[in-house]
Amino acid sequence: MAAREAPAGGAPHPYIPHTDEDRRLMLARLGLSSTAELFQEIPERFRDPPLELPPALAERELIAFMAARAADNAAAREHPRFLGAGAYHRFVPSVAGSIVQRGEFATAYTPYQPEISQGTLQAAFEFQSVVCELTGMEVANTGLYDVGSATAEAVLMAARITRRRAVAVLEPIHPGTLDVLRTYAGAADLELEVVAAPADPADPGSAVDGALGERHACLVVQQPDFLGGIVDLDRITAAAHRRGALVVAVCDPLALGLLRAPGDSGVDVVTGEGRDLAGPVSFGGPSLGLFAARRDYVRQLPGRIVGRTRELHGPRGAEGAEQEPRTGYVLTLQAREQFIRRERATSNFSTGQQLIALGFTVALQTLGPRGLRESAELCYQRAHAAAARIDALAGYSARGRGSWWFQEFLLRGPLPPAELLARLAERGISGGLDLSGRAEQEAHGALLVCVTEATPPGHVDALVRALESIGGAQGGEDPA
Amino acid sequence: MSTAERDIGARLAFDRGSPGRRGVGVPSWEGERAPLPPAGLLRERLRLPELSQGEIVRYYTALSRLNYGIDSGTYPLGSCTMKYNPKVDDLMAALPGLAEAHPLDDAGRVQGVLRIGCELQEALCSLTGFAAASLAPAAGAQGELAGVLMVKRALADRGDLAARRRILVPDSAHGTNPATAAMAGFTVTQIPTAADGSMDREALERELDGSVAAAMVTMPNTLGLWERGIDEVAELVHAAGAYLYADGANLNAILGRARFGDLGFDVAHVNLHKSFSTPHGGGGPGAGPVLCGEELAPYLPAPVVVAEEGGFRLGRPPRSIGRLQQFHGSYGVLVRAYAYLRSMGLDGLRAVSEHAVLNANYLRALLVEAYDIPYDRGRVLHEVVLAGTRQRREHGVRTYDIAKRLIDHGLHPPTVYFPLIVEEALMIEPTETEPREAVEDFASAMLAIAEEAARDPDLVRSAPVSAPIGRLDEATAARRPDLRWLPAGDD
């Protein structure tokens, strides 16, 4: 690509404003003859090493170049896709995308100066309120990195609160979340135990009862579980609390539009992934870890918390008299945080996911109570209708896990899962997740297929047709 | 929500609108209805605002106008590198082929995404002098945790972890460094700063023994100064059997001019939302890739992007510390940083550090008479740390007041009261994207405030008077936490 000709003496780049004249004036003030002198403290043998980097692209070259990179992905073209497993293509109201693009929100720093950050702060208070309402919990922070790290922080918090060193994790849980829990538990030298999946998530009491003891700080449970089943959290909390262990529930926020608020079931900490209700899946990030807890634990929370307060003094009116102080918002309970408490902080958390949290808040408030419930029910109905149609095909079974399930079901066909996926891919369909290698009986030989409120009915038709034609070629019998 | 709304903070979205309004429609389900789970598994109530779409947009637009961003004006937060965020980079991250890519899709269907990751890894390695990188950490603090856990695992593998339980951190460090060390199960020993603004070498040598796992050093340091003799420090640390960690928060100062790997560091993180210009979002999302030499590469967090014959794929290093997030990192942020790198090229990146440092020195020269400068070398790198000690001593005006008064001058205050070793600190980082006139305007405001402090200290102490809101009662906020909306009568 052609190199750009900068006018002699002009600025070096559109993002850097200094002309030769600026440099001359500034260096004169410094008593220097060249900017190279500014770097003389770097020992010469380390200074200005030869580097290999591609040449600069002008803006329209960059756009063409990036468009080519973007085109080299299946996602560039509209196609039927049934992969979920923790990252869901959802319906996000356009309003959310529009608000997060406002430079006043997008280009601000963490709100350390509340007087000129009320937009970020008040929106964060809205976020905490939305998360509390959705989860049925009493307090929430302004969000953590993602569901995995948020759940890990919940486990660390439970260990601090209970002063116990073992953590139990109930299968089926997302393998990525489990991996993050291992990383963080290892860092804190906690013992992590995986509890085998109960046969029916709607009746998990006995599986949990036998696995928990006085050494456990908490039990981590996913709702709906990794294979899609809806868990009866009331039974889980009853069993865990008998042992003095806390319950950390990892919840899908859309499912909570329909399902019982975990706080009503007695859960102690709720985490979740907010990304997909706030904006695009974006290859799984940036994400948004939701984190809410009981009020008793507010001073143990990781991350940032915004509080509502008032001005110390009201503004002066036209006659100079002090008026009523106005309402404002501040970062609060900061004595928990790293920049004050350093090595005694509750977490090292600093930069988080504020802009994603804003998108999440605007999206949920735009949907409103009925819109969220309708979206959740639409998701449920579309998934169940799709499963019923596939289950009726010769050679296939499509069933949800347990008595009740939400948006993901287990698909078995006349071919092993990897081959079935390959055949679907040939037809331009992203067919789901191959569950080979999982311990659960019902996962053997199955694909995890996801249908959401945002899955167009035509895509389900395409999947059914494709499965029919693959099945017809095989002529198999129902595997279930 | 006209500007006439005197107390916008008193009414949340929850307090607005009316039952029955809605902001967006949802398609209705026309098919056969599957039975829902029993009532015991379903939620009883959901309290969310009920607003029309226009009301929502007006409310959040009104909130946005209470904010100050880099789009609004100079934002000289020290150690935060608040530079202009190119708009084209946001558009690139929104390209459907990237934004709609699913993290678990088959590698063959996301080659463009993976190639961007691989080339970003390579570019960051080239810029920092390291052999390998993982883009997984979501932010600087998570990058730090990754780096320290890599050290921990390497020590465990060589049977040395039980003995090495201490991490050395200079007293000028960010709070995340000691907090990270503690999260990873280490104790922290603080190393004092010498009169010239570098680490006290004698103190460092005294502490370096077989009980040390690593030293974490910010490069350049939070005083905006080159850490003198850092290559000798690296030799000492290595001779003691420990690792040297670079906090790359201040990489902007030395982009293209010096590399952590060449200086003897073993592992580092860099903040893409600082040096690589991705928008800070009011507190994220960011990205904090971790980079290292050959020795620690097997321990990098998963995943890393691997280039093979025939394409790219995600891989897990053989002795990986594991995952830090459920998926692969802040990909939308990585795309923006990659687009930025491609738009700058090597010459552009060297111009970044050149003009970031030029601006900081120019600002220092304009303010050196009016404010105290501790640890002064007559020269700084990307930022200058002033002290409001003279203003406090002579006029009873604190740095806190000076910061608030800058707001009345239409500017965002710098970082204050950090680093902790500087009394009444004002830590100012203009970055390269501020034109000369903006640096001069900021200096003029600081000089005017120094005069105001002498002439009318009450004026400075009562600032801001022109902000959307005055000073807030933070003490009551912490003592009686009010952290969420509740319906009237329910609190």
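Guide: What follows is a short talk about pockets, domains and salt bridges in this predicted model.

Visitor: What volume does the largest pocket have?

Guide: About 1300 Å³. Its lining counts 50 residues, and those nearest the centre are Ala278(A), Gly279(A), Pro280(A), Ala94(B) and Ala99(B).

Visitor: Which helix gives the most to that lining?

Guide: α2(B), with four residues. Other elements that each supply at least two residues include α12 (354-391) of chain A and α10 (331-367) of chain B.

Visitor: How many nonpolar, polar and charged residues are in the lining of the largest pocket?

Guide: There are 26 nonpolar, 14 polar and ten charged residues.

Visitor: And the second largest pocket, what space lies in it?

Guide: About 1000 Å³. Of its 45 lining residues, Tyr112(A), Gln334(A), Phe339(A), Thr415(B) and Val416(B) are the closest to the centre. By class, the lining of this second largest pocket splits into 23 nonpolar, 16 polar and six charged residues.

Visitor: Which domains of chain B give at least three residues each to the lining of the second largest pocket?

Guide: Domain 2 (87-344) and domain 3 (346-477). The assignment for chain B also gives a domain 1, made of 1-25 and 46-60. The centres of domain 1 and domain 2 of chain B, taken over C-alpha atoms, are 42 Å apart.

Visitor: Changing topic. How many salt bridges are there over all chains?

Guide: The search finds 70. One of them pairs Arg260(A) with Asp234(A), with 2.9 Å between the closest N and O atoms.

Visitor: Where do Arg260(A) and Asp234(A) lie?

Guide: Arg260(A) is in the loop between β5 and β6 of chain A and Asp234(A) is in helix α9, so the pair ties together parts 26 residues apart in sequence.

Visitor: Is Arg260(A) buried or exposed?

Guide: Arg260(A) counts as buried, because its relative accessibility is 17% and the cut-off for buried is under 20%. Asp234(A) is partly exposed at 29%.

Visitor: What about salt bridges in chain B?

Guide: Asp160(B) and Arg164(B) form one at 2.7 Å, N to O, and both residues are buried. Arg461(B) and Asp458(B) form another at 2.8 Å. Those two residues sit three apart in helix α14 of chain B, about one turn of the helix. Arg461(B) is partly exposed, at 33% relative accessibility.

Terms used:
Residues numbered from 1 in each chain as written. Chains lettered and ligands numbered in written order. Predicted model: local features only at pLDDT ≥ 70, side-chain atom pairs only at ≥ 80, totals over all residues. Heavy atoms only, no water. 1 Å grid on protein atoms, 1.4 Å probe; cavity = no way out; pocket = protein on both sides within 12 Å on 5 of 7 lines; lining within 4 Å. Points joined across faces, edges and corners; volume = space filled by probe spheres on them. Nonpolar A, V, L, I, M, F, W, Y, C, P; charged D, E, K, R; others polar. Domains from an automatic or database assignment. Salt bridge = Lys/Arg side-chain N within 4 Å of Asp/Glu carboxyl O. Buried < 20%, exposed > 50% of the residue type's maximum accessible area, 1.4 Å probe, protein only.
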